[in-house]
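Thanks, everyone. I'll keep this short.

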Amino acid sequence: MKFDPATNLFDSMELGVYNGVNHAINDSATFAFDSGEDMTACFNGEKNAFLYSRHWNPSGFQLSKSLSAMEGTEAAWVTSSGMAAITVAILQICKAGDHIISSVTTYGGTFAFFKNWLPKYGIDVSFVNITDLDAVKKAIKPNTKMIYTETLTNPMLQVSDIPELSKITKQHNLKLVVDNTFTPMIFSPYKLGADIVVYSMTKFINGKNDTTAGAICADIDFINAMIDLNDGTAMLLGPVLDSIRAANIQKNLFTLHIRMKQHSKNAMFLAEKFQELNLKVNYPGLKTHKQHELFKKMMNKEYGFGGMISIDLETSKKASKFMSEMQKQGVGYLAVSLGYFKTLFSNSGKSTSSEVPENIQKEMGMSEGLVRYSVGLDNDIEKTFKTIKSCLSNI
Ligand code: PLP
């Protein structure tokens, strides 16, 4: 049988208390035990019960069950932001003296964590072009613990070859950690060979831009180790997702499959139109994209090529003028983040990738005039395109 993230997700749905169609929001920080012995047994790991909300809370638990059904993992744990998911997963695997290999193109916050923060604690990171598998192999050292990448990288939209990277990590006994924030449902990295899948749920998964949130999807052993009372990174650093937010995201998750299809449809339309205008456009759904075939090989077909596009306007001045014009004419918002129902756009080099030094931006091919779009759920995308065209003629 074919693995289908949306069907799995719907199969995971259970009725709430009193047969409510939604799960009751459980906003308790602590949970009562019938006896002191029961409480002791729970602390000793001999009894399975809700104990304290930083460890597990019922709303977060339900959302984690749904996410693991969608992803095909045994378990998941939900966090208060995407960065919390990324940093907890990494710190659970690595300690002082270890080495990480990371794609040089990642979200700017992740890049900054690798480049500026981890070295302070004795963890060394090598950055590579993740599409160059020989470079990845060459970067492996005796103390390497992990390869880190994004399935579709931010903002260069490079596709990581998860099955091939997985072969490398398995051969060398490393962990493959994949951020799938740009492509939920489109790719199922765990099924393709990743060990741990992280998400910023702030983006497509929640889709409402009303909160930050994150998730770590992995084997039960990894999730249990993360929330171990004595030395679990998640338990001891404490970036748990609030139960009210967890319950809200849970409801939004069940429309994700429809939203992803519409984001992809609209983005494909715009990418083709941008190409007709001879703009320098980067979209993995276009045949001109370097890893178009690889994307097709790895994707869950019905969800399309995703909602992220970039165009290169060469200078940041031009990009800035264009974005202001688009906001004025109602295309969407000049704002960071992505996965929203309205179209969002930003100039990556001066915003979400500003943590990446300019020389490295150049090295990875990021132009200072790169405008990244997160294409919205517009019903009339033709009208949106006409407006964008008129904005282009005004710069
Ligand atoms: N991963 C990717 C690919 C992102 O684009 C972002 C934020 O833009 C993050 C992780 C961080 O997520 P959050 O802002 O929820 O901490």
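Start with helix α11, residues 243-253: Ser 243, Ala 246, Ala 247, Ile 249, Gln 250, Asn 252 and Leu 253 are buried, meaning under 20% relative accessible area with a 1.4 Å probe, protein chains only. Helices here are DSSP runs of H or I, at least four residues; strands are runs of E, at least two; both are numbered from the N terminus.

A word on the source: this is a predicted model, where local features need pLDDT of at least 70, side-chain atom pairs count only at pLDDT 80 or more, and totals for chains, interfaces and linings use all residues. Residues are numbered from 1 along each chain as its sequence is written, and side-chain values use heavy atoms, with hydrogens and water left out.

What do the buried residues of α11 pack against? They pack against α1 (5-11), α3 (58-71) and α12 (256-276), with contact meaning heavy atoms within 4.5 Å.

Now the sheet. It is open, has seven strands and mixed pairing, and its order is β1-β7-β6-β5-β4-β2-β3. Pairing needs at least two DSSP bridges between two strands. β1 (75-79) and β3 (124-128) are the edge strands; each has a single partner, so one side of each lacks a neighbour in the sheet.

Look inside the sheet. β5 (175-179) and β6 (196-200) pair in the parallel sense, over three bridges. Val 177 stands opposite Ile 196 in β6.

Back to α3. This helix lies across β1, β6 and β7 (214-218), at about 125° to β1. Axes are lines fitted to C-alpha atoms, for helices over the stretch in contact; angles run from 0 to 180 degrees between N-to-C directions.

Terms used:
Buried means under 20% relative accessible area, exposed over 50%, partly exposed in between (1.4 Å probe, protein chains only).
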